[in-house]
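Visitor: I am new to this structure and would like to go through it step by step. Please show it to me.

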Amino acid sequence: MKKGYALLFVIPIVLMTLWGCQSVSHGAAPSNGAPKTSVPLRSKPSPYKSTLLDHYQDADYNVKLTLRQEASTDLSLVITNSGKKGVGCGVKYTVEKWVNRQWYSLPFKPNVAFIELAVLLLPGKTYDQKVDFQLLDEKLAPGKYRVVKTLSPHIVLAKPFAINKEGMIDVSE
């Protein structure tokens, strides 16, 4: 009788463990037959919705995020404030990759940190910032990416770009 009770506890634990191990599979092939695309190591699903815009406008704010290609492998983000009020931001940005119909935030190298510097972008001004891919934990593979930038008080903008098979940046998206 004691064996029967022990099995009642052991079997569900084993089943839950096996089910939990198979529920997340980095790099699993999509069910639609598309080729397998791997999720970069240590990346996390983006906290933002997939339809972030590159501009925001209301009665007081009118800001736009653009990407400027400096060279075939260098990129700068440019924020333009055409609104009535100033808008603030920091120097932190995020690079995300589109994998299997979902955005993933790419991790920076372990010892990378952004300084807590406040930038006030007054009306009619622009802010330029280099996007340094050397700070990322992994080299960018061919695919679709976006740069995400948070502005104050409540504005999150994103601008897509691509890396082609030769490793060159394409900002024409």
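Visitor: How many aromatic pairs does the count come to?
Guide: This is a predicted model, in which local features need pLDDT of at least 70 and side-chain atom pairs count only at pLDDT 80 or more, while totals for chains, interfaces and linings use all residues. Residues are numbered from 1 along each chain as its sequence is written, and side-chain values use heavy atoms, with hydrogens and water left out. Rings of Phe, Tyr and Trp (its six-membered ring) pair if their centres lie within 6.5 Å; planes under 30 degrees apart are stacked, over 60 edge-to-face, and the rest tilted. By this rule the count of aromatic pairs is 6.

Visitor: Of what kind is the pair formed by the rings of Phe108 and Phe114?
Guide: The ring centres of Phe108 and Phe114 are 5.2 Å apart. Their planes stand at 80 degrees, so the pair is edge-to-face.

Visitor: Is Phe114 buried or partly exposed?
Guide: Buried means under 20% relative accessible area, exposed over 50%, and partly exposed in between (1.4 Å probe, protein chains only). Phe108 has 16% and is buried. Phe114 has a relative accessible area of 22%, so Phe114 is partly exposed.

Visitor: Of what kind is the pair of Tyr145 and Phe161?
Guide: The centres of these two rings, Tyr145 and Phe161, are 5.5 Å apart. Their planes are at 15 degrees, so the pair is stacked.

Visitor: How many residues apart in sequence are the parts that the pair of Tyr145 and Phe161 ties together?
Guide: Helices (H or I, at least four residues) and strands (E, at least two) are DSSP runs, numbered from the N terminus. Tyr145 lies in strand E10 and Phe161 in strand E11, so the parts tied together are separated in sequence by 16 residues.
Both partners are buried: Tyr145 at 1% relative accessibility, Phe161 at 0%.

Visitor: Which residues does Phe133 touch, not counting residues up to four places away in sequence?
Guide: Contact means heavy atoms within 4.5 Å. With residues up to four places away left out, Phe133 touches Thr73, Leu75, Val95, Leu140, Phe161 and Ile169.

Visitor: How many charged residues are in the lining of the largest pocket?
Guide: On a 1 Å grid over the protein atoms alone, a pocket is an open set of points where a 1.4 Å probe fits, with protein on both sides within 12 Å along at least five of seven lines; lining residues have an atom within 4 Å of a point. The largest pocket holds about 330 Å³ of space, and of its 15 lining residues Thr73, Phe133, Gln134, Lys139 and Leu140 are the closest to the centre. Asp, Glu, Lys and Arg count as charged, Ala, Val, Leu, Ile, Met, Phe, Trp, Tyr, Cys and Pro as nonpolar, and the others, Gly among them, as polar. The lining has 6 nonpolar, 3 polar and, as charged residues, 6.

Visitor: Is Gln134 buried or exposed?
Guide: Gln134 lies in the loop between E9 and E10. Its relative accessibility is 61%, so Gln134 counts as exposed.

Technical notes
Grid points are joined across faces, edges and corners, and a volume is the space filled by probe spheres set on the points.
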